[in-house]
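Biologist: Hi, could you walk me through this one? I'd like the overall picture before we go into single residues.

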Amino acid sequence: MSDSFTTTVLNITTGTAETVTDLTRECEEFLTRAASGRDGLLNIFVPHATAGIAVLETGAGSDDDLLTALHHLLPADDRWQHRHGSPGHGRDHVLPALVPPHATLPVIGGQLELGTWQSVCLVDTNKDNPERRVRLSFLGH
């Protein structure tokens, strides 16, 4: 495989609660190996119908605020036509329309180009599936 494209898969355990999991450190560690000081793009993709990728501030309450906002927009109740799984699980299948399952971010000199307070996060509201795979792919020159 060309050294201009490198990919890896992270196995993330999110547990049985709605979560925002910071993946920034894992992205940076991957880029240390894959980018080698080069410029390019990092694509983060979660191949699941009930999870998404967000870039937001963590640790100051924004991650909890996101889950609260999603709970208001997508209540976990019986209004959803998609009804398998735990009560309100249909909302989890709508989540990727609001929090997409991917993000593509610039890499400059081998470093992820994020703002001061930005983090790369896995957003998972599905309490029925505690195991997630996240694919990181670097395309560089």
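**Overall picture**

Modeller: Of the 141 residues of the protein, 43% count as buried, where buried means under 20% relative accessible area, exposed over 50%, and partly exposed in between (1.4 Å probe, protein chains only). This is a predicted model: local features need pLDDT of at least 70, side-chain atom pairs count only at pLDDT 80 or more, and totals for chains, interfaces and linings use all residues. Residues are numbered from 1 along each chain as its sequence is written, and side-chain values use heavy atoms, with hydrogens and water left out.

Biologist: Thanks! How many helices and strands are there?

Modeller: There are three helices and eight strands, and along the sequence they follow β-β-α-β-β-α-α-β-β-β-β. The radius of gyration is 16 Å, close to the 14 Å that the globule rule gives for 141 residues, so the protein is as compact as a globular protein of that length. That radius is taken over C-alpha atoms, and the rule is 2.2 Å times the number of residues to the power 0.38. Helices (H or I, at least four residues) and strands (E, at least two) are DSSP runs, numbered from the N terminus.

Biologist: And what does the C-alpha trace span along its principal axes?

Modeller: About 50 × 35 × 20 Å. As for contacts (heavy atoms within 4.5 Å), residues 24 or more positions apart account for 82% of those with a separation of 6 or more.

Biologist: Nice. What is the strand order in the open sheet?

Modeller: The five strands are ordered β1-β8-β3-β5-β6, with antiparallel pairing. The edge strands, each pairing on one side only, are β1 and β6 (111-112). Two strands pair if DSSP finds at least two bridges between them.

Biologist: How many bridges join β1 to β8?

Modeller: Nine, between β1 (residues 5-13) and β8 (residues 131-140); Thr-13 stands opposite Glu-131 there. β8 also pairs with β3 (residues 40-45) over six bridges, with Gly-40 opposite Gly-140. Further along, two bridges join β5 (residues 102-108) to β6, and Val-107 faces Leu-112.

Biologist: Which helix lies across those strands?

Modeller: Helix α1 (residues 24-34) lies across β1, β3, β5, β6 and β8, running at about 40° to β8. Axes here are lines fitted to C-alpha atoms, for helices over the stretch in contact, and angles run from 0 to 180 degrees between N-to-C directions.

Biologist: Let's switch to single residues. What does Phe-5 touch?

Modeller: Leaving out residues up to four places away in sequence, Phe-5 touches Ser-137, Phe-138 and Leu-139. Phe-5 lies in β1 and is partly exposed, at 35% relative accessible area. The C-alpha atoms of Phe-5 and Gly-140 are 6.5 Å apart, although 135 residues separate them along the chain.

Biologist: And Arg-91, is that buried or exposed?

Modeller: Arg-91 is buried because its relative accessible area is 2%. This arginine is in helix α3 (residues 90-98).

Biologist: Which side chain does Arg-91 join in a polar contact?

Modeller: Glu-18, at 2.7 Å. A polar contact is a pair of N or O atoms within 3.5 Å; within protein, one must be able to donate a hydrogen and the other to accept it, and residues adjacent in sequence count only if both atoms are side-chain atoms. Arg-91 also touches others, including Leu-70, His-71, Trp-80 and Thr-125.

Biologist: Last one: where is Ser-36 found?

Modeller: Ser-36 is in the loop between α1 and β3, and counts as exposed at 54% relative accessibility. Its phi is near 45°, a positive value in a residue other than glycine.
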